[in-house]
Amino acid sequence: MRESVRFLLGDELVEITSCDPTRTVLDWLRLDRRRTGTKEGCAEGDCGACTIVVGRLDGGQLRYEAINACIRFLPTLDGCHVLTVEHLKAPDGTLHPVQQAMVDCHGSQCGFCTPGFVMSLFALWLNERAPSVQRIEDALAGNLCRCTGYEPIIAAAQRMYGAERERDRFVAGMPAIIAQLKALVDSETISIGDGACQFYAPATVGALAELVDTHPQATLVAGATDVSLWVTKGMRRLDPVIYLGRIDELRAISDEGSHLRLSAMANQIAVREALAGISPQLDEMMRRFGGEQVRNAGTIGGNIANGSPIGDLPPALIALGATLVLRKGGERRELPLEAFFLDYRKQDRQPGEFVEAVLVPKLPADALFHISKISKRFDEDISAVCGAFYLTLDQAGRISEARLAYGGMAGIPKRAKAAEAVLLGRSWDDAAVAAAITVLAGDFTPLTDMRASAGYRLKVAGSLLRRFLIETTAPETGTRVAGLLAEAAHG
Ligand SMILES: Cc1cc2nc3c(=O)[nH]c(=O)nc-3n(C[C@H](O)[C@H](O)[C@H](O)COP(=O)(O)OP(=O)(O)OC[C@H]3O[C@@H](n4cnc5c(N)ncnc54)[C@H](O)[C@@H]3O)c2cc1C
Ligand code: FES
Ligand code: FES
């Protein structure tokens with residue numbers, strides 16, 4: 001057991017021996033360290049004013065990520081390299097190329113959002129050499145500016161690459177940081193608290209399994225993009241907390257031949273990369289999952305275990321036929337993902353059990369798949385309705401298998417079983433879709449809430465199914481069905 005948390009703040013080694021498990025990094029920076037360059041706007045991960053850059057070891061390499069300090073818990077920084085806006089200026093006062101580009105392009109007016117934008121751009125600078133405009137927009141989608149407008153900031157993102165990146169002191173300093181972070185790595189479980197609440201962070205899956213079994217009432221924390229809001233908005237005290245983020249094997253993604261195995265702590269960036277080959281729409285949906293800071297922190301395990309009816313991955317994974325791997329102590333059990341969701345915020349998870357991995361079958365050659373996310377804003381918004389669809393056709397072009405999974409239509413992510421039954425044995429055409437739409441109202445009784453009315457949701461659920469047909473059959477958008485039928489005709 002190690003009773004401290006250690007990380008690098010710039011080039012200073014910080015060691016903390018007493019800490020409220022859910023103290024936010026933002027509060028610690030601003031209140032304890034008086035590093036007030038990092039701003040608090042929303043305190044819920046939406047505005048990006050609190051963006052900092054955190055480096056962590058990933059297979060021996062250093063991976064820098066922009067994250068929201070307002071929704072990250074301080075002890076989860078163990079083993080990381082933390083950089084705030086104050087670190088960027090050189091000791092002689094010279095602005096960093098990212099900052100200088102913002103000045104040159106007039107990328108700031110009132111300035112409140114500016115440190116957050118600078119840090120998101122700085123993460124981009126550290127990781128990428130020549131990002132496209134779309135990539136720059138994606139990297140900035142988690143930052144809001146109410147006065148400058150985004151054009152000058154995007155211009156700054158392009159201009160900053162005019163400087164010599166390889167000679168930058170942060171880029172050149174990476175090998176030294178890697179060596180310092182490696183010296184902090186150990187296999188001890190961290191146990192630290194403030195006398196009232198306790199935080200544990202095991203370093204292996206085995207130690208995690210033991211801890212969760214010993215403390216079945218503990219709150220498991222992965223990326224904390226959901227849990228942190230219970231604290232910052234719900235004012236809850238959590239005790240004890242078990243953090244999953246120190247366990248390398250819990251981030252692993254592997255190709256197992258027939259399926260991909262995505263471990264619970266794989267973040268949304270890694271999950272997007274892994275699933276990109278399945279469908280371009282799935283890739284596009286993941287591009288719109290939160291902002292870059294949320295995708296860096298949020299995990300596949302958290303998105304599932306949270307049990308939200310409007311989480312974006314569950315409908316996709318249910319339609320693809322994914323299997324969940326749950327673990328309690330040394331025992332594992334597997335169940336179809338859809339069976340995990342029992343009722344609103346009620347999942348089939350026993351005390352002491354945790355999500356270890358998700359197994360996602362690869363798409364068979366004769367399958368059609370599509371996913372659409374409908375939300376009020378394009379970027380960084382949770383779905384009002386999400387529809388993910390999977391069909392296989394037999395050699396005569398008749399539907400032999402159908403999985404229509406929706407988010408936002410019920411208290412849980414759920415399949416439209418009646419609509420699926422209507423589709424089976426039919427040709428994949430307008431008549432089939434029209435017949436399926438007539439029974440959708442029997443599959444779901446959606447809610448009216450701030451995101452959408454019940455009537456709108458039902459209408460959209462049908463429209464998404466129609467879109468699936470158009471995307472897979474219309475000559476101008478896709479010749480997938482025609483291709484499959486032609487293949488079948490030729491034996
Ligand atoms: C600004 C913002 C935008 C967002 N946008 C989206 C969006 O577009 N789409 C979307 O779907 N979600 C969105 N979310 C919600 C959230 O980011 C996701 O649900 C995310 O995947 C949660 O993962 P996490 O690792 O942060 O989970 P955490 O917050 O750490 O945990 C969530 C829940 O899962 C439990 N848990 C975590 N890991 C495990 C495990 N391995 N085993 C058992 N239980 C576990 C926790 O105890 C908790 O109950 C957004 C959130 C924010 C703040
Ligand atoms: S303060 Fe708005 S994202 Fe953190
Ligand atoms: S410069 Fe004022 S909010 Fe962006």
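**View 1. Asp255 pairs with Leu260 of strand β11 as its bridge partner.** The model shown here and in the other views is predicted. Strand β10 covers residues 253-255, and strand β11 covers residues 259-263. The two strands run antiparallel and are joined by 3 bridges. Together β10 and β11 form a hairpin, with 3 residues between them. Gly257 lies in the turn of this hairpin. Its phi is positive, at about 90°.

**View 2. Strand β11 also joins strand β16.** Strand β16 spans residues 353-361. Here 5 bridges link β11 to β16, and the two run antiparallel. One pair to look for is Arg261 with Leu359, its bridge partner in β16. Strands of a sheet pair through backbone hydrogen bonds, either parallel or antiparallel.

**View 3. Four strands form an open sheet in the order β6-β7-β9-β8.** The pairing in this sheet is mixed. Its edge strands are β6 (190-193) and β8 (219-221), each of which pairs on one side only. From one strand to the next, the twist averages 20°.

**View 4. Helix α3 packs on helix α4 at an angle of about 130°.** Two packed helices are described by the angle between their axes and the distance between the axes. Helix α3 covers residues 114-127 and helix α4 covers residues 133-140; their axes are 9 Å apart. At that angle, α3 is oblique to α4. The crossing of α3 and α4 is right-handed. On the α3 side, the contact is made by Phe117, Ser120 and Leu124. On the α4 side, Ile136, Ala139 and Leu140 make the contact. By class, this contact of α3 with α4 has 5 nonpolar residues, 1 polar residue and no charged residues.

**View 5. Helices α17 and α18 cross at roughly 160°.** Helix α17 spans residues 430-443, and helix α18 spans residues 454-473. Their axes come within 10 Å. The angle is over 145°, so α17 counts as roughly antiparallel to α18. The crossing of α17 and α18 is right-handed. Helix α17 contributes Val433, Ala436, Ile437, Leu440 and Ala441 to the contact. Helix α18 contributes Leu458, Ala461, Gly462, Leu465, Arg466 and Leu469. By class, the contact of α17 with α18 has 9 nonpolar residues, 1 polar and 1 charged.

**View 6. The shell around ligand 1 holds 32 residues.** Gly45, Ala222, Gly223, Gly302 and Asn303 come nearest to the ligand. Elements that give two or more residues to this shell are β8, α12 (292-297), α13 (300-305) and β16. Helix α13 gives the most, with 4 residues. By class, the shell around ligand 1 has 15 nonpolar, 12 polar and 5 charged residues. Strand β16 is joined to β11 by 5 bridges.

Definitions and conventions:
Residues numbered from 1 in each chain as written. Chains lettered and ligands numbered in written order. Predicted model: local features only at pLDDT ≥ 70, side-chain atom pairs only at ≥ 80, totals over all residues. Axes fitted to C-alpha atoms, helices over the stretch in contact; angles between N-to-C directions. Parallel < 35°, antiparallel > 145°, perpendicular 65-115°, else oblique. Left-handed = near helix turned anticlockwise from the far one by under 90°. Contact = placed C-beta atoms within 7 Å. Nonpolar A, V, L, I, M, F, W, Y, C, P; charged D, E, K, R; others polar. Pairing = 2+ DSSP bridges. Near = placed C-beta within 6 Å.
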